[in-house]
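Colleague: I would like a close look at a single part of this model. Please take me through it step by step, then place it in its surroundings.

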Amino acid sequence: MTLDTKGDFDVVACYQSYLGNHDISTPVAVFKALTEFVRQSTAPTMSEFMQTLDKASRAVREASEQVELRSIDRQAFQHHKAAIATLAGLDLFMRFVKRNSHDFALSEAQSFDQFKHNLLSRAALILDKASMARFKAAEIGSQFIHDNAVILVQAYSRVIMGVLSHAANVQNKRFKVYVTEGRPNSEGLRAVEELREAGIPCRAVLDSAVGYIMDKVDMVFVGAEGVVENGGVINQIGTYQIALVAKALGKPVYAVAESYKFVRVYPLNQYDLPACMPEIVRFSSRNQLFHNANAQTDEEINLASTNPFVDYTPPQYLTLLLTDLGVLTPSGVSDELIKLYL
Amino acid sequence: MDPSNKATPLTIPGAKGIAGSSGMGQPMSSSYENQWMLGDDKKHERRKSSTVDSNKENKDASSQPNASVQPPARKSQKSMTKAERRALQEQQKLEKERRVAAGLPKNAKKAAELLAKTGGGSSVKSGSPLSVAGTPDNTTASVGKSVTSPDPAAAAKKAAKKSAGATSTAKSQKNQVPWLLHLDASKRPDTMGFKDLHPAVKTLALYFSEYKIVGSNARCVAMLQTFSKVIEEHKPPADATFSRHIQKHLDPHIAYLLATRPMSLSMRECIRWLKKEMADIVEEDPPLSDEDARHRLMNRIEHFIRERITMADQLIVQNGLQKINDGEVILTFGKSSVVESLLLATKKKGINFKVIVVDSRPLFEGKHLLRRLAAAGIDCSYHLLSSVYVALSSVTKVIMGAHALLNNGAVYSRTGTSMVAMAASDKQIPVMICCETYKFVNRTQVDSFVMNEIGNPDDLVNTKPMFNSIHQNHPNPTGSALENWREQPNLRILNLMYDVTPSKFITLVVTEVGLIPCTSAPVIWREYNEEFGKRG
């Protein structure tokens, strides 16, 4: 396993290696990395175990918040987009451990090793469920697609790809898709390729052309990096714009997300997010623009790095949330979270 | 004590059969009020008879919501001026039409007898019940007399004479807005009809009615502590155990408090909780000894105060702090104890922020808050409600307190809150409400009239004198233009104390369990009541 200089298990590196696997979503990657950490942990007592666990989770969180971007390769972009999703995964894991440790504290019969063993077996179960979650959400989501529908999708989202392929292949529905380009990493074009391979008629549109084609669209599907407490979603930059236009023209917006993305964050507005870009908001200067000779690529890099990666869509612009728990209204998210935490 | 005393002050106490006259043609008052206050104990059954009557009478007279629009005491026709006689005539004509519409015989006397027979009493003939609400003995006699006397005017006169003792209260209740008669107003406590009251409760009632203790948290804590004292000193009679008797003993105290100032919604939740605790003590098997039951109740009360009010406030401050950042301008309305703690804690944390306090007549509660904030060294400014839009131009967040949180996510709070929330949401400024979970109530209200509290209308009278040409002829130019409002037949002054803010204007609610959207209020209420059910 990857070890850092101290010889301890480097959870951050492990987490990043899991992220490299394209298929795994961020919260699951976090969960897996932390499970590995537990497996490799040499802490002899419960309290030391909890301490090291806290340290590890903090390290993962800090790693995801760093904004050191030198290149705009997709890997790094995904990594930085994932700050919220990381929080969700961490939340999930800590909640899971605390619940089990509570049981452990109550029953003195268990030894610490037994506790760890139980923890690991339960974690494996959870990971299984998590991998199924995307399929379940896709199943539930695809029932909202009807024949001859025209759907607008934002750039590339694994869940949404799942929904569309489920509807086309399993349910044999016929529909057309508009995909927004999704600058600055233009992942929408990759989505178009995949959809073409699946035989779904699709077109790529500019991000700025969303208002233009919204009238032709029947419904909008968006994914989510995280679902916040009041039922809003945090997703790739541009989602808020699409939702606003859709609301203005009366088109339903369906957010598809697995339930492990629910996070206990309550943003009041765009700038209240953990992943906020202070330079954009406050007009502070960037000296780099003037230093490098290769001005053009630097311009692009700077645009990508100084602009936010995610935005927050308030719940009043979302029609429904399609999750693996079922179809929820935005206010239903809070109900679920409260029942979980109270 | 007579359980009907617990009903709204508009009911004639001591006259169970005629208790239906509380129904001013409005189904809201009796049955809904009784359901709300009595919970699901036995008294509700006993009340059902009178509420059935009142419902029947309501159906009869409900074609007109202001079936009781009457001057409080009718003078004899000779002493009335021509205009008043004309007004009286119109009124009687109206009433006759109503009677016909309701299917009663045209003659007032026959209609009265019919109504009296059904036990629904008659709001048509007994003058304003407000004037007779004071002393139970007097009113029983007067109403009884009016049932038998044929002439409604003479009966009213007798009623007016008999209730001379209560005219002082009557006078302050005169000239109430007719379509809001179902609302409660505060009155001076009247100890005549109530015996065996613990002096602490009497003191508390006096404090409440004089507005010496204001604010929902303060009133709740004071009430619970007083009840704790009553429980401590209560000695059950020889033939009953403490656990069984304590509820019966507390009921008249609760009724007395209700009769003075209408209870806040949070106080009612507390009382409901207390009754549940008392019922649980009775259920205990093997039965608890008196001392045990007493101590358990007192402990529970103390625990409730500590856990759901005091600690809750501290947690709310903690949770709210995460939402206030450097450089913010915060607007608040009125004076909420929790918001004050939050702002003081923010200052202590070293965050650099400004506060704008918005205030309104007649209570000017914001001035107290302003004084305290300024003393703590916070940068504050002060606006009246009329300039709230101007004040909002630089505001980043609005933080307000709540009196109660309703089931549909609406906030029931001091009048003016909804205006501030509406203005803020129009400007896309987030509105945060700080509310403890014990204030979550299981009722829904969509407007502010169906349930509210009326304050003293004379508080609104002290307007500044106007020296423009219109008032050149005013007999007393240094006085307020509204001073003699009671003499003006078409003028009523309304002083509502609370209003309802719809949930769409509220961004988030800070509670001790975390930050929640206001639409999740019923989930929390359910969780807490289930939990208490399990614990009990």
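Is Glu258(A) buried or exposed, and at what relative accessibility?

Modeller: One caution to begin with: this is a predicted model. Glu258(A) has 0% relative accessibility, so it counts as buried. The cut-off for buried is under 20%.

Now its partners. Glu258(A) forms a salt bridge with Arg134(A), and the closest N and O atoms are 3.6 Å apart. Arg134(A) sits in helix α6 (residues 112-142) of chain A, while Glu258(A) sits in the loop between β7 and α11 (278-282) of chain A, so this pair ties together parts 124 residues apart in sequence. Arg134(A) is buried too.

Glu258(A) has a salt bridge to Lys261(A) as well, at 2.9 Å from N to O. Lys261(A) is at 6% relative accessible area, so it is buried. Taken together, Arg134(A), Glu258(A) and Lys261(A) are linked in a network of salt bridges. Side chains of opposite charge can pair when their charged atoms come close. Over all chains, the whole structure has 17 salt bridges.

Next, the strands. The loop that holds Glu258(A) lies between β7 and α11 of chain A. Strand β7 covers residues 253-256 of chain A and pairs with β9(A) in the parallel sense, over three bridges. Tyr254(A) has Leu320(A) in β9(A) as its bridge partner.

β9(A) itself spans residues 320-323. Leu320(A) and Leu322(A) point one way from this strand. Leu321(A) and Thr323(A) point the other way. All of these residues are buried. In a regular strand the side chains alternate between the two faces of the sheet.

β9(A) also pairs with strand β10 (residues 326-328) of chain A. Here the sense is antiparallel, again with three bridges. Leu321(A) stands opposite Leu328(A) in β10(A). β9(A) and β10(A) form a hairpin, with two residues between them.

For another salt bridge, go to chain B. Asp251(B) forms one with Lys275(B), with the closest N and O atoms 3.8 Å apart. This pair links distant parts of the chain: Asp251(B) is in helix α11 (residues 242-260) of chain B and Lys275(B) is in helix α12 (residues 265-283) of chain B, 24 residues apart. Asp251(B) has a relative accessible area of 6%, so it is buried. Lys275(B) is at 8% and so counts as buried.

Chain B also has a buried loop residue. Asn495(B) lies in the loop between β9 (453-454) and β10 (498-501) of chain B. It counts as buried because its relative accessibility is 5%. Its side chain reaches the backbone oxygen of Asn456(B) at 3.1 Å. Residues that Asn495(B) touches include Pro362(B), Glu453(B) and Leu460(B).

Last, where the chains meet. 13 residues of chain A are in contact with 16 residues of chain B. The area buried between the two chains is about 1,300 Å². Carbon and sulfur atoms give 63% of that area. The interface of chain A and chain B has one salt bridge. The side chains of Lys323(B) and Asp272(A) meet in a salt bridge, at 3.1 Å from N to O. On the side of chain A that touches chain B, five residues are nonpolar, three polar and five charged. Five residue pairs are in polar contact across this interface, with both residues at pLDDT 80 or more.

How values were computed: Residues numbered from 1 in each chain as written. Chains lettered and ligands numbered in written order. Predicted model: local features only at pLDDT ≥ 70, side-chain atom pairs only at ≥ 80, totals over all residues. Heavy atoms only, no water. Contact = heavy atoms within 4.5 Å. Buried area = accessible area lost by both parts, 1.4 Å probe. Salt bridge = Lys/Arg side-chain N within 4 Å of Asp/Glu carboxyl O. Polar contact = N/O pair within 3.5 Å; in protein donor to acceptor, adjacent residues only side chain to side chain. Nonpolar A, V, L, I, M, F, W, Y, C, P; charged D, E, K, R; others polar. Buried < 20%, exposed > 50% of the residue type's maximum accessible area, 1.4 Å probe, protein only. Helix = DSSP H or I, 4+ residues; strand = E, 2+ residues; numbered from the N terminus. Pairing = 2+ DSSP bridges. Lists of a residue's contacts leave out its neighbours within four places in sequence.
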